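Hello,

Here is the structure we talked about handing over. Please open it first, then read my notes below.

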Amino acid sequence: MRPLQISPETAVTLSKQLGVPLEQLMHMPQHILMQKIAELAKNEEATKKDDESPSSENS
């Protein structure tokens with residue numbers, strides 16, 4: 001299996017966000033990486049919805 005075809009900047013960013021060593025990330029199967037990216041997006045979206053709680057209703 002060949003390493004992922006992503007830029008070094010993207011690899012470093014994903015490695016930090018996923019908490020996975022860079023070398024492990026580069027040799028991760030693409031379908032697993034896509035699943036982890038989807039989980040990150042879902043968690044980020046949930047966090048944004050929590051941050052947008054209706055605090056302005058009390059004004």
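**Two charged pairs on one helix**

Lys48 and Glu44 join their side chains in a salt bridge, with 3.9 Å from N to O. Keep in mind that this is a predicted model. Why can these two meet? Both sit in helix H3, residues 30-51, and their spacing of 4 residues is about one helical turn. In general, an α-helix has 3.6 residues a turn, so residues three or four places apart point the same way.

A second pair follows the pattern. Glu45 and Lys49 form a salt bridge at 3.8 Å, N to O. They too lie in helix H3, 4 residues apart, or about one turn. Glu45 is partly exposed, with a relative accessible area of 47%. Lys49 reaches 55%, so it counts as exposed, the cut-off being over 50%. The count of salt bridges is 2.

**The overall layout**

Now step back to the whole chain. It has 3 helices and 0 strands. Read along the sequence, the pattern is α-α-α. There are 59 residues, and 15% of them count as buried. The accessible surface comes to about 5,000 Å². Carbon and sulfur atoms account for 51% of that surface.

Which residues of helix H1 are buried? In H1, which covers residues 8-18, they are Ala11, Leu14 and Ser15. They span an arc of only 105° around the axis, so they lie on the same side of H1. That buried side packs against helix H2 (22-26) and H3. The face turned away from it carries the exposed residues Glu9 and Lys16.

Ser15 deserves a look of its own. This residue of helix H1 has a relative accessible area of 11%, so it counts as buried, the limit being under 20%. What does Ser15 touch, leaving aside neighbours within four places in sequence? Its contacts are Val20, Pro21, Leu22 and Leu25.

Leu18 is also in helix H1. With neighbours within four places in sequence left aside, Leu18 is in contact with Leu25, Leu33, Lys36 and Leu40. Take Leu33 from that list. Leu18 and Leu33 are 15 residues apart in sequence, and their C-alpha atoms are 9.5 Å apart in space.

Just after H1 comes Gly19. Its phi is positive, at about 70°.

**The nonpolar core**

Which residues make up the largest nonpolar core? There are 8 in all: Leu4, Ala11, Leu14, Val20, Leu25, Met26, Met28 and Leu33. H1 and H2 are the elements that give two or more residues to this core.

Two of these names have come up already on the buried side of H1, namely Ala11 and Leu14. Leu25 has come up as well, as a contact of Ser15 and of Leu18. Leu33 is another core member that Leu18 contacts.

**Where to start**

Then turn to H1 and find its buried residues, Ala11, Leu14 and Ser15. From there, follow the packing to H2 and H3.

Best wishes

Terms used:
Residues are numbered from 1 along each chain as its sequence is written. This is a predicted model: local features need pLDDT of at least 70, side-chain atom pairs count only at pLDDT 80 or more; totals for chains, interfaces and linings use all residues. Side-chain values use heavy atoms; hydrogens and water are left out. A salt bridge is a side-chain nitrogen of Lys or Arg within 4 Å of a carboxyl oxygen of Asp or Glu. Buried means under 20% relative accessible area, exposed over 50%, partly exposed in between (1.4 Å probe, protein chains only). The arc is that of the directions from the helix axis to the C-beta atoms. Contact means heavy atoms within 4.5 Å. A nonpolar core is a set of buried Ala, Val, Leu, Ile, Met, Phe, Trp, Tyr and Cys residues joined through side-chain atoms within 4.5 Å. Accessible areas come from the Shrake-Rupley method with a 1.4 Å probe; for residues, only the protein chains shown count as cover.
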